Amino acid sequence: MLLMDRHNLLVPGWSHVLSSTNDLAELDALRARVGAPRQAFHLRSARPHLDLKLEPRERALHDPEVRVFESTRELIRFWRDCQRRPGG
């Protein structure tokens, strides 16, 4: 499941996208689908994610495969809960 924050308080105009199972292929498929550059893909953090802005961000916010959370805090809380569940 793809997870996205609508509002990033630290960096307005940007959004994070995480996979509930840390599925890199799932993230990359969304990146390609919304037209984000490869540089939007971040693999070096504890949470592989996309950083999206402008048109790719807007497309992702309206993608039916993306669950949108109002804040980064809500997004991370849900993602952590997914990590604790058996099977991701």
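Student: In what order do the elements of the protein chain run from the N terminus on?

Tutor: This is a predicted model, and its protein chain has three helices and five strands. Read from the N terminus on, these elements follow the order β-β-α-β-β-α-β-α.

Student: What does the globule rule give for 88 residues, and how does the radius of gyration of the protein chain stand to it?

Tutor: Along its principal axes, the C-alpha trace of the protein chain spans about 35 × 25 × 25 Å. The globule rule gives 12 Å for 88 residues, and the protein chain is as compact as a globular protein of that length because its radius of gyration is close to that value, at 12 Å.

Student: Which element supplies the largest share of the largest nonpolar core?

Tutor: The largest nonpolar core has 14 residues, and those with the most contacts inside it are Val 17, Leu 30, Leu 50 and Leu 52. At least two residues of this core come from each of strand E1 (2-7), helix H1 (24-34), strand E4 (49-53) and helix H2 (54-61). The largest share, three residues, is supplied by H1.

Student: Which residue in E4 does Val 17 stand opposite?

Tutor: Strand E2 (residues 14-19) and E4 run antiparallel and are joined by five bridges. Not counting residues up to four places away in sequence, Val 17 touches several residues, including Leu 27, Leu 30, Pro 48, His 49, Leu 50 and Leu 52. Within E4, the residue that stands opposite Val 17 is Leu 50.

Student: Is Arg 57 buried or exposed, and what is its relative accessible area?

Tutor: Arg 57 has its place in helix H2, and, not counting residues up to four places away in sequence, this residue touches Met 4, Arg 6, Gly 13, Trp 14, Ser 15 and Leu 52. Because buried means under 20% relative accessible area, Arg 57 counts as buried, with a value of 11%.

Student: Which backbone oxygen does the side chain of Arg 57 reach, and at what distance?

Tutor: Arg 6 is among the residues that Arg 57 touches. The side chain of Arg 57 reaches the backbone oxygen of Arg 6, and the distance is 2.6 Å.

How values were computed:
Residues are numbered from 1 along each chain as its sequence is written. This is a predicted model: local features need pLDDT of at least 70, side-chain atom pairs count only at pLDDT 80 or more; totals for chains, interfaces and linings use all residues. Side-chain values use heavy atoms; hydrogens and water are left out. A nonpolar core is a set of buried Ala, Val, Leu, Ile, Met, Phe, Trp, Tyr and Cys residues joined through side-chain atoms within 4.5 Å. Buried means under 20% relative accessible area, exposed over 50%, partly exposed in between (1.4 Å probe, protein chains only). Helices (H or I, at least four residues) and strands (E, at least two) are DSSP runs, numbered from the N terminus. Contact means heavy atoms within 4.5 Å. A polar contact is a pair of N or O atoms within 3.5 Å; within protein, one must be able to donate a hydrogen and the other to accept it, and residues adjacent in sequence count only if both atoms are side-chain atoms. Two strands pair if DSSP finds at least two bridges between them. The radius of gyration is taken over C-alpha atoms; the globule rule is 2.2 Å times the number of residues to the power 0.38.
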